[in-house]
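Me: I would like to go through the charged side-chain pairs of a model. Could you take a look at the following?
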Amino acid sequence: MDAKAWEKIDGLIDRDRGKTIRDRFAEDPDRARKFSIDAAGWHLDYSKNRIDGEMMNALVKLAEKSGLKEEIEKMFTGKKINETEKRAVLHTALRNLDPGATIKVDGKDVMPGVRRVLAAMGDFSDAVRRGEWRGFTGRRIKYVVNIGIGGSDLGPVMANLALKPYAKRNMKFFFVSNVDSTHLAETLREVKAAETLFIVASKTFTTQETMSNAEAAKEWLVEKLGDKKAVAKHFVAVSTAKDEVAAFGIDTKNMFGFWDWVGGRYSLPSAIGLSLMIAIGRANYKRMLKGYWKMDRHFRTASFKRNMPVVLALLGILYANGYGAESYAVLPYDQYLARFPAYLQQMDMESNGKCVAKDGSSVEYTTGPIVWGEPGTNGQHSFYQLIHQGTHLIPCDFIGCCRTHNPIGDLHDKLTANLFAQTEALAFGKTAEECRKEGVPEELVPFKTFEGDKPTNTLLCDELTPETLGALVALYEHKVFTQGVIWNIYSFDQWGVQLGKVLAKGVLGDLTAKKASGRHDASTNDLIARYRKANGRPA
């Protein structure tokens with residue numbers, strides 16, 4: 001992070017200590033107009049932040065000094081910006097709807113392959129939805145079970161719920177990720193073998209959790225239908241490992257590939273989204289890609305001052321690095337977005353949870369924040385107390401839609417009223433004098449006083465549609481990318497995920513062997529012994 005540019009921001013923070021968001025609105029009633037942006041179907045109001053024009057200029061200068069413009073172009077044009085893995089980062093190519101677009105990696109245009117896979121997904125999803133693809137016994141597919149983990153699960157789970165109003169209602173969709181047998185067992189209780197399609201999503205077809213669940217599902221299917229040949233009609237693969245897919249029993253004609261330049265947490269618009277395309281259909285899936293594409297173009301072309309992902313990123317850096325905020329909350333006031341915070345957790349924390357700079361040195365400032373949240377209004381009766389009156393500073397993103405897919409009485413008016421009221425309460429609070437004017441007894445005034453000055457952003461769309469969902473996901477993808485560039489870290493690798501996986505293999509051997517090796521630390525050895533004893537295995 002550019003130290004000189006940060007000095008200016010630090011100085012402005014010191015200058016404005018004691019000035020609240022309430023004070024800023026009193027000085028400039030036109031803040032809402034000045035500090036708002038519209039892009040790709042979304043309206044961002046960021047006026048309820050600890051900023052003024054000078055602060056925003058300083059933050060933009062920080063972005064410019066980081067070389068953000070050049071890094072954006074490198075990403076969009078297929079340069080290998082994931083340097084530790086020597087890979088391009090081209091999730092944007094997956095939703096590039098320009099028919100004349102050419103994007104080259106190692107001298108080869110990737111766009112024909114992207115279009116070919118998208119077309120194959122469309123043909124397959126059409127066949128399943130129309131009943132042309134049938135199971136081994138000739139029955140129509142009524143149940144789809146996606147087996148994956150991480151980005152192969154979180155994206156499809158989130159999007160299938162978010163776009164449920166557009167889904168084929170005579171089909172049911174399930175998602176199995178956890179290697180805990182309960183996850184698979186409870187899913188299999190809900191489906192019928194003769195009417196179930198399993199989508200196994202694993203690039204290498206070696207991911208432990210995914211393949212363990214897939215093998216167990218295969219055994220269940222063969223047992224129910226009585227013939228190993230049934231696998232070919234009830235399993236398809238999202239993978240690039242042709243030999244492994246064939247060995248599993250899946251016809252490689254029913255294998256949908258993707259590329260090493262697609263990171264798992266950015267893979268929803270790839271073949272990983274096959275379950276979603278089956279649910280909502282080819283046309284709606286393309287509408288989602290169009291929303292992604294609109295936000296991509298906005299991010300690539302808009303000035304930083306009017307660039308929605310960049311502004312969100314800069315505000316996050318202001319609070320993390322300037323005010324010591326360790327987390328931020330994402331609070332969607334739409335039940336269809338209930339899984340969006342969980343989706344963002346992986347996108348953000350796996351991307352920017354890094355303590356090493358690009359040159360291999362240790363960073364000397366805060367990076368990746370802790371991301372959390374729940375849908376409103378549920379969260380109001382849970383953790384909002386801490387946000388309002390606790391000792392932690394927690395910036396919040398509130399997300400809402402002007403219209404609902406399910407108009408029932410005045411419920412949506414009440415939901416939206418709560419959304420707007422919460423941002424107002426967090427920004428302005430309530431003074432002791434206001435409490436007294438309301439007749440609050442003096443002994444209760446300290447308890448009913450709200451400090452306010454809690455920063456929030458409000459994101460508002462007309463309606464949650466495939467297009468606005470795609471734009472929303474792209475917005476946060478580019479926000480995370482921007483922060484990684486400014487923090488000077490690599491956002492597209494995830495080496496920290498590997499160590500636990502490697503050690504788990506050794507532990508698994510000790511859990512199941514005739515005799516434990518005793519090669520671990522004292523605590524782990526004791527836990528292994530207890531587990532073995534509980535399962536009737538000798539220590």
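Reply: A residue is called buried under 20% relative accessible area, exposed over 50%, and partly exposed in between. Please note that this is a predicted model.

Me: Fine. Where does Arg 139 fall: buried, exposed or partly exposed?
Reply: Arg 139 has a relative accessible area of 43%, so this residue is partly exposed.

Me: Which residue forms a salt bridge with Arg 139?
Reply: The partner is Glu 195, with 2.5 Å between the closest N and O atoms. The pair links distant parts of the chain, 56 residues apart. Glu 195 lies in the loop between α8 (181–188) and β7 (196–201), and Arg 139 in the loop between α6 (111–130) and β5 (143–147).

Me: And is Glu 195 buried or exposed?
Reply: Glu 195 is at 3% relative accessibility and therefore counts as buried.

Me: How many salt bridges does the structure hold?
Reply: There are 35. One of them joins Arg 265 and Glu 350 at 2.9 Å, N to O. These two lie 85 residues apart, with Arg 265 in the loop between β9 (255–256) and α12 (274–280) and Glu 350 in helix α15 (residues 340–352).

Me: What is the relative accessible area of Arg 265?
Reply: The value is 3%, so Arg 265 is buried, whereas Glu 350 is partly exposed at 22%.

Me: Changing topic, which residues are linked in a network of salt bridges?
Reply: The network links Lys 8, Arg 15, Asp 16, Arg 24, Asp 52 and Glu 54.

Definitions and conventions
Residues are numbered from 1 along each chain as its sequence is written. This is a predicted model: local features need pLDDT of at least 70, side-chain atom pairs count only at pLDDT 80 or more; totals for chains, interfaces and linings use all residues. Side-chain values use heavy atoms; hydrogens and water are left out. A salt bridge is a side-chain nitrogen of Lys or Arg within 4 Å of a carboxyl oxygen of Asp or Glu. Helices (H or I, at least four residues) and strands (E, at least two) are DSSP runs, numbered from the N terminus. Buried means under 20% relative accessible area, exposed over 50%, partly exposed in between (1.4 Å probe, protein chains only).
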